[in-house]
Amino acid sequence: MLERLLLLFAFAMLMTAGILAVRTRAVRVVSRLRSAPTSPLWEVLGERADGRPAIILFSTSSCAVCKSAQIPAIEMVRHKLGESSVRVFNVDAATRPDLVKAFRIMTAPTTVVFTGDGRVTAYNHGFASAERIIQQLATGSVLAVPRGH
Amino acid sequence: MTDLPTYDITARKAHQWAMVALVASAFAIGGTAAAVLLAIAGTVMLLGRFWWPADIVRQLVWRVIEPAGILPRHEAHEDRETRRLARALGGAIWLSSAGLLVVNLPFVGWAFAFAIGIMVALDASVDFCTLCFVCVQLEHRGLLPGLLRHAPGRRIAGEA
């Protein structure tokens, strides 16, 4: 039994190290995206920053979470902040390898939040709630957070 | 637009960690008890998915732990559908793993049991959906079977 407990302990340590490595990578990706010139990212997207904060949602056709939770959450963000105050881009990660590479996308849904001047302010691997995105938009810009958040 | 539904995250995480602990205990104890514990974990996962009273950890959290203030209740909007599917799949695989231990195929049984255990632990600790990650990587490489693809992506109201 001691042998098995030691195996479990080693396995748990390995898993913790893996999680920490992935988190470190995610932090690096965000800091690189934040510090990199923003125009190439917008060029790959085929758009330009227009002064409004923006959200890019990376989804795929196999992503059930995107349809059942992430899209409703983004619609809630738009509803709470004003339909025209936030730009939203829904990108199919399976058909846009250029964007997947540029934004270093690992999973879907992934949401990238931009400030009005086109800088990346947040990067969410996996589902991000409406409250979280609203906070990220507010942190990165002068956008007012509605009451109750 | 109505507010999005919220769920008890504390109860979900307590359930997930309890299941991981049960599977880890099964591995540590070994022998016949391992198959029994794995079968219990599989049954709670599978049966609790379709019949709430069988979801014993959540029941314990709602009836005892949260009212006593041992753990604070935390509610938030999150993905429910994928977790329900994953729960049913995970429960079925843990039950199968118990069966594999009984018929003396421990290596295969534990391999499946640990794979599910890792997925549950990743979701409980960092909200990481392993199934989503695998699907995206396969789809990105054009390796995802057509059967697993859904209808074309839903548009977001007002998206650019």
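Biologist: Does Ile70(B) count as buried or exposed, and why?

Modeller: A residue is buried if 20 or more other C-beta atoms lie within 10 Å of its own, exposed if 12 or fewer, and partly exposed in between, with C-beta atoms placed from the backbone. Ile70(B) has 9 C-beta neighbours inside 10 Å and therefore counts as exposed. Please note that this is a predicted model, in which local features need pLDDT of at least 70 and side-chain atom pairs count only at pLDDT 80 or more, while totals for chains, interfaces and linings use all residues. Residues are numbered from 1 along each chain as its sequence is written, and chains are lettered from A and ligands numbered from 1 in the order in which they are written.

Biologist: Where is the place of Ile70(B)?

Modeller: Helices (H or I, at least four residues) and strands (E, at least two) are DSSP runs, numbered from the N terminus. Ile70(B) lies in the loop between α3 and β2 (75-76) of chain B.

Biologist: How are two packed helices described?

Modeller: One gives the angle between their axes and the distance between the axes. Axes are lines fitted to C-alpha atoms, for helices over the stretch in contact, and angles run from 0 to 180 degrees between N-to-C directions. In chain B, the axes of α1(B) and helix α3 (residues 56-65) come within 8 Å and cross at roughly 135 degrees. That angle makes α1(B) oblique to α3(B), since angles under 35 degrees count as roughly parallel, over 145 as roughly antiparallel, 65 to 115 as roughly perpendicular and the rest as oblique.

Biologist: Which residues make the contact?

Modeller: Two residues are in contact if their C-beta atoms, placed from the backbone, lie within 7 Å. From α1(B) come Thr10(B), Ala11(B), Ala14(B), His15(B) and Ala18(B), and from α3(B) come Val57(B), Arg58(B), Val61(B) and Trp62(B). They divide into six nonpolar, two polar and one charged (Ala, Val, Leu, Ile, Met, Phe, Trp, Tyr, Cys and Pro count as nonpolar, Asp, Glu, Lys and Arg as charged, and the others, Gly among them, as polar).

Biologist: How many residues of chain B are in contact with chain A?

Modeller: On chain B there are 39, in contact with 41 residues of chain A. The elements giving two or more residues to this side of chain B are α1 (9-29), α4 (81-102), α5 (106-126) and α6 (130-140). The largest share, six residues, comes from α6(B).

Biologist: What secondary structure does chain A have?

Modeller: Chain A has five helices and four strands, in the order α-α-β-α-β-α-β-β-α along the sequence.
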